[in-house]
Amino acid sequence: MDLIVCIPTFNEELNIKKCLNKLKWANKVIILDSNSTDNTVKIAKKFKNTNIIYSKKKLSYVSKLNYFINKNKGKWLLILDADYVLSNALIKEFKILHIKNLRKEKISGFKIKIYNKIFNKTIREDIYPKKILLFKNVNCYFRQFGHSEKFFIKGKISNIDGYIMQENFNEIKNFSVWKLNQSKYSKLDSSRIVKTKFDELRTQDKIRKFPPINIILIMIYFIFFKKILIYGKSGFFYLFQRLFYETLLSFQIIKIYLRKFKNFISL
């Protein structure tokens, strides 16, 4: 299939080689780099199918994704993070997809499963919802959604059986940076959750409105329903990450509630 792979990067030397090694089949890979200070660009330059674009100004993650869309109208795009590694099954599916057939079926995009890979073990659970990462770039865009992004596209969306592995351990090797990012994400998500009407929230976010109940329920969900601990230390590590984030999020939501209560009292 003729498509363009798009990857936003900033200091991804721990991930980018693994990501690009699984993209050698692609005709064109575009990296939008935010002036990395490590070896990200040096590593990426070793791959012949990779073009590197340097961001002149600091762009948000969502702005980078929309940059890819604005510069590649009408093309099929595959949007990846630098810590994504394509499974062999997914690569095979990409190779047999034909644009002519997609036109007949009027398919605009495909949802892809993302599994976490920790300590070289893939956690094959549907922890995260599938994401539309492969799509025809027509009348679509990304919008900020808390610390993450929301994708808007018209047309029929199908599914792909193959999956992506997210290298979830590398991001915590520098714990101080990881902790800072989690704090930033929790502030953005807490603001979104509190401002959104209750009936418009996803089930998970509805639960998060009631801290610290959310922490207890998340722990029960992953231990007893997702059986995350059968993955050994990889499961324990993932559970630690989730509980750490949920705890930060709870504190942020409680802060907002207390601020609102103080403002109410002062009226």
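This briefing covers the nonpolar cores, a surface patch, the salt bridges and one hairpin. The model is predicted. Its largest nonpolar core has 32 residues, and a second, separate core has 16. The structure also holds eight salt bridges.

**Nonpolar cores**
- Within the largest core, Ile7, Leu78 and Leu134 have the most contacts.
- Strand β6 (residues 107–118) gives this core its largest share, four residues.
- Leu78 touches residues including Leu3, Ile4, Val5 and Cys6. Its other contacts include Phe94, Ile112 and Leu134.
- The second core includes Leu32, Leu65, Phe68 and Ile69.
- In soluble globular proteins, nonpolar side chains tend to be buried together.

**Nonpolar surface patch**
- A nonpolar patch on the surface has about 990 Å² of accessible area in total. Among its members are Phe198, Ile207, Phe210 and Phe225.
- Helix α8 (residues 213–225) supplies the largest share of the patch, seven residues.
- Phe224, also in the patch, lies in helix α8. Phe224 counts as exposed because its relative accessible area is 56%, above the 50% cut-off.

**Salt-bridge network**
- Salt bridges link Asp189, Arg192, Arg202, Asp205, Arg208, Arg242 and Glu246 in a network.
- Asp205 pairs with Arg202 at 3.1 Å, N to O. Asp205 also pairs with Arg208, at 2.9 Å.
- Asp205 and Arg208 both sit in helix α7 (residues 203–208). They are three residues apart, about one turn of the helix.
- Asp205 is buried, with 1% relative accessibility. Arg208 is buried too. Arg202 is partly exposed, at 42%.
- Arg242, another network member, is found in helix α9 (residues 233–266). Arg242 is buried, with a relative accessible area of 9%.
- Beyond its sequence neighbours up to four places away, Arg242 touches Ile127, Tyr128, Gln204, Arg208, Ile218 and Phe222.

- Glu167 forms a salt bridge with Lys18, and their closest N and O atoms are 3.9 Å apart.
- Glu167 lies in strand β11 (residues 156–167) and Lys18 in helix α1 (residues 16–21), so the bridge ties together parts 149 residues apart in sequence.
- Glu167 is buried at 8% relative accessibility. Lys18 is partly exposed at 40%.

**The β9–β10 hairpin**
- Strands β9 (residues 140–145) and β10 (residues 148–153) run antiparallel and are joined by six bridges.
- Phe145 has Ser148 in β10 as its bridge partner.
- Two residues lie between the strands of this hairpin. In the turn, Gly146 has a positive phi of about 65 degrees.

Terms used: Residues are numbered from 1 along each chain as its sequence is written. This is a predicted model: local features need pLDDT of at least 70, side-chain atom pairs count only at pLDDT 80 or more; totals for chains, interfaces and linings use all residues. Side-chain values use heavy atoms; hydrogens and water are left out. Two strands pair if DSSP finds at least two bridges between them. Buried means under 20% relative accessible area, exposed over 50%, partly exposed in between (1.4 Å probe, protein chains only). Contact means heavy atoms within 4.5 Å. Patches are made of residues with over 30% relative accessible area and no salt bridge: like charges are joined within 9 Å, nonpolar side chains (Val, Leu, Ile, Met, Phe, Trp, Tyr) within 5 Å. Accessible areas come from the Shrake-Rupley method with a 1.4 Å probe; for residues, only the protein chains shown count as cover. A salt bridge is a side-chain nitrogen of Lys or Arg within 4 Å of a carboxyl oxygen of Asp or Glu. A nonpolar core is a set of buried Ala, Val, Leu, Ile, Met, Phe, Trp, Tyr and Cys residues joined through side-chain atoms within 4.5 Å.
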